[in-house]
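Subject: Structure for you to look at

Hello,

Here is the structure I said I would pass on. Please open it beside this message and follow along as you read.

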Amino acid sequence: MTDVPSLGRTLLLVGLALAAVGLLLTVAGRLPFLGRLPGDIAIQRGSWSFYFPVVTCLIISVVLSLVLNLVTRR
């Protein structure tokens with residue numbers, strides 16, 4: 001038989017994580033510095049444009065790694 005309380009806690013944590021990601025995605029457009037950091041690649045040629053947020057992705061990756069390490073530490 002599976003450990004039902006453990007499964008319940010896991011589902012609750014997954015739900016809270018999804019809610020947090022949804023909140024971050026909602027608020028991310030309002031942060032003035034996010035996506036416009038030095039090191040982000042932006043190329044515009046006439047009516048064509050290319051944008052790749054290299055530094056923004058690195059910062060988000062570091063922050064998420066730190067948060068996940070704090071959450072999963074036992």
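This is a predicted model: local features need pLDDT of at least 70, side-chain atom pairs count only at pLDDT 80 or more; totals for chains, interfaces and linings use all residues.

**What was found**

Leu31 sits in the loop between H1 and S1. From the C-alpha atom of Leu31 to that of Ser47 the separation is 26 Å, and these two residues are 16 apart along the chain.

Next, a residue in a helix. Arg9 belongs to helix H1. Is Arg9 buried or exposed? Arg9 counts as exposed, because its relative accessibility is 53% and the cut-off for exposed is over 50%. Arg9 and Gly29 are 20 residues apart along the chain, and their C-alpha atoms are separated by 31 Å.

The largest pocket has a volume of about 600 Å³. Which elements give two or more residues to its lining? They are helix H1, residues 4-28, and helix H2, residues 54-72. H1 gives the most, with eight residues. In total, 19 residues line the largest pocket. The ones that lie nearest its centre are Val21, Leu24, Ile60, Val63 and Leu64. What kinds of residue make up this lining? The lining has 19 nonpolar residues, no polar ones and no charged ones.

Last, the surface. A nonpolar patch is formed there by Ile41, Ile43, Trp48, Phe50 and Phe52. Together these residues have about 470 Å² of accessible area. Two strands each supply at least two residues of the nonpolar patch: S1, residues 41-45, and S2, residues 48-52. Which strand gives the largest share? S2 does, with three residues. Trp48, one of the patch residues, lies in strand S2.

After that, look for the pocket lining, to which helix H1 and helix H2 each give two or more residues.

Regards

Terms used. Residues are numbered from 1 along each chain as its sequence is written. Side-chain values use heavy atoms; hydrogens and water are left out. Patches are made of residues with over 30% relative accessible area and no salt bridge: like charges are joined within 9 Å, nonpolar side chains (Val, Leu, Ile, Met, Phe, Trp, Tyr) within 5 Å. Accessible areas come from the Shrake-Rupley method with a 1.4 Å probe; for residues, only the protein chains shown count as cover. A salt bridge is a side-chain nitrogen of Lys or Arg within 4 Å of a carboxyl oxygen of Asp or Glu. Helices (H or I, at least four residues) and strands (E, at least two) are DSSP runs, numbered from the N terminus. On a 1 Å grid over the protein atoms alone, a cavity is a set of points where a 1.4 Å probe fits but cannot get out, and a pocket is an open set with protein on both sides within 12 Å along at least five of seven lines; lining residues have an atom within 4 Å of a point. Grid points are joined across faces, edges and corners, and a volume is the space filled by probe spheres set on the points. Ala, Val, Leu, Ile, Met, Phe, Trp, Tyr, Cys and Pro count as nonpolar, Asp, Glu, Lys and Arg as charged, and the others, Gly among them, as polar. Buried means under 20% relative accessible area, exposed over 50%, partly exposed in between (1.4 Å probe, protein chains only).
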